[in-house]
Amino acid sequence: MPPSALRHLVKEHYDFIWRLLSRLNVTTPEVDDAAQQVFMVLVSREGLVIKPGSERAFLYGVALRVAKEFRRKAQNALNHISPDPDVLIDRAPDLEAVAERSQARRQLDRILEQMPENLKEAFILFELEDMSVPEIAELVGIPTGTVASRLRRARALFQKAVAELQARREGGES
Amino acid sequence: MKRLLDETTDDFTRALLVAGIEQRPPAGNKRRVLIALGAGSALGLFSSQALAWLGTSGGKLSLLGVALGMAGAVYAVDPWSETQGSSPAAPSPAALAETSPREPRLLGGPAVVPEEGNDGVALQGVGPDTGALPVVTTPSEPSSTSEARARAARVRGERDGVVPASKEPRRDGPPPTVAAPTVAAPTVSTPEVGTPGEVEPVVESASLDAEVRLVDDMHWAARRNDREALARFVATYHASFPDGQLKEEVSAFAARLARPTTP
């Protein structure tokens with residue numbers, strides 16, 4: 001793959017892949033390495049040709065495999081930890097806002113961790129990565145109806161978890 | 001289908017979703033990946049054929065060169081490390097106790113102890129009651145000598161086939177024939193012999209080789225405190241190599257010969 005195309009792919013899709021890996025239970029210290037490994041595939045495979053427009057789908061597939069591999073390693077090492085929101089946040093000048101966002105991310109991660117993998121995948125891609133249902137269907141390789149169904153179930157789980165969380169917060173405050 | 005963020009009016013749900021959407025990798029990550037991938041692909045490190053060049057003639061030659069270089073470097077750093085263990089005359093514990101603690105290889109034979117800050121070469125007798133052979137100390141080898149030695153080893157290896165310097169025959173066997181040292185340099189170094197373009201490098205390497213061997217013999221004689229043999233070697237060297245590359249090392253031996261023997 002020519003270096004210019006490689007640069008373009010990294011610039012376009014790195015954030016997506018990095019976020020995806022961090023939500024696919026790859027441990028925080030490993031996310032950077034995992035993301036780099038995803039893009040290394042592009043240069044290590046000779047004669048690799050990605051169909052124009054399907055770069056994200058290709059990288060997504062690679063990221064799923066890499067995440068699985070990293071999770072297995074982490075499990076073997078028995079050192080799996082939840083992503084550390086303090087590392088995942090971007091720097092903002094307002095400390096209070098940063099703290100609130102950090103807490104919100106931690107809560108979001110906890111909710112996502114409780115979801116089944118296939119529902120979580122659909123939820124992340126649609127709600128957080130701004131992908132359409134047909135795009136997700138193509139990416140994951142399942143019918144659009146299945147994506148919509150998973151999405152509905154994922155939303156229901158998410159809203160239920162949010163309601164429980166809010167109830168706990170209100171209970172704690174009162 | 002609308003997104004939950006657009007549908008919901010609940011602030012808490014919106015906050016959670018926005019926090020997820022705005023999540024970004026730490027600054028500088030992308031640049032690091034670009035640099036790593038750029039450098040890696042430029043060097044061909046990510047290719048499955050990255051090491052295939054080692055199978056080519058050039059690759060094999062490079063490997064051979066690296067191996068010879070490493071062997072030469074090891075030889076230059078510690079040329080006498082193989083001399084322990086096989087000498088018939090071992091020093092007594094008292095003799096060993098007097099030697100430097102930096103030299104753990106003294107257990108088998110006469111000791112050659114590099115001594116820092118000693119300009120010359122000294123023979124130190126061990127106490128008369130021990131009955132042990134004298135402990136010989138030599139100065140640290142000059143770096144130019146080490147380089148010459150390594151170069152000679154490489155040249156020798158290239159000329160004779162693949163013979164790493166570390167595989168040289170051990171020098172602690174029976175004493176060499178002192179009267180006939182292996183010096184062929186004066187006859188070989190005549191530049192008129194053969195085609196100049198081809199013969200000169202060979203002649204030069206043979207000369208250096210002979211020089212190194214002669215100095216090796218000096219070391220051998222010094223280790224055994226054989227002053228007579230050492231004197232003969234030094235004289236031979238001066239006669240054969242008036243402008244030799246190992247002059248400094250030989251002059252150290254000459255200085256040692258000039259000193260009176262320690263009782």
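Reply: The expected span of a helix is 1.5 Å times one less than its number of residues; helices (H or I, at least four residues) are DSSP runs numbered from the N terminus. This is a predicted model, in which local features need pLDDT of at least 70 and side-chain atom pairs count only at pLDDT 80 or more, while totals for chains, interfaces and linings use all residues. Residues are numbered from 1 along each chain as its sequence is written, chains are lettered from A in the order in which they are written, and side-chain values use heavy atoms, with hydrogens and water left out.

Me: How far does H2(A) reach from its first C-alpha to its last?
Reply: H2(A) has 17 residues. At 1.5 Å a residue, 24 Å is expected, and the helix comes close to this with a reach of 25 Å.

Me: How many residues of chain B are in contact with chain A?
Reply: Contact means heavy atoms within 4.5 Å. On the side of chain A, 43 residues take part. Their counterparts in chain B number 32.

Me: Which residue of chain B meets A:Arg155 in a salt bridge?
Reply: A salt bridge is a side-chain nitrogen of Lys or Arg within 4 Å of a carboxyl oxygen of Asp or Glu. Two are counted between chain A and chain B. In one, the N to O distance is 3.3 Å, and the partner of A:Arg155 is B:Glu7.

Key. Helix = DSSP H or I, 4+ residues; strand = E, 2+ residues; numbered from the N terminus.
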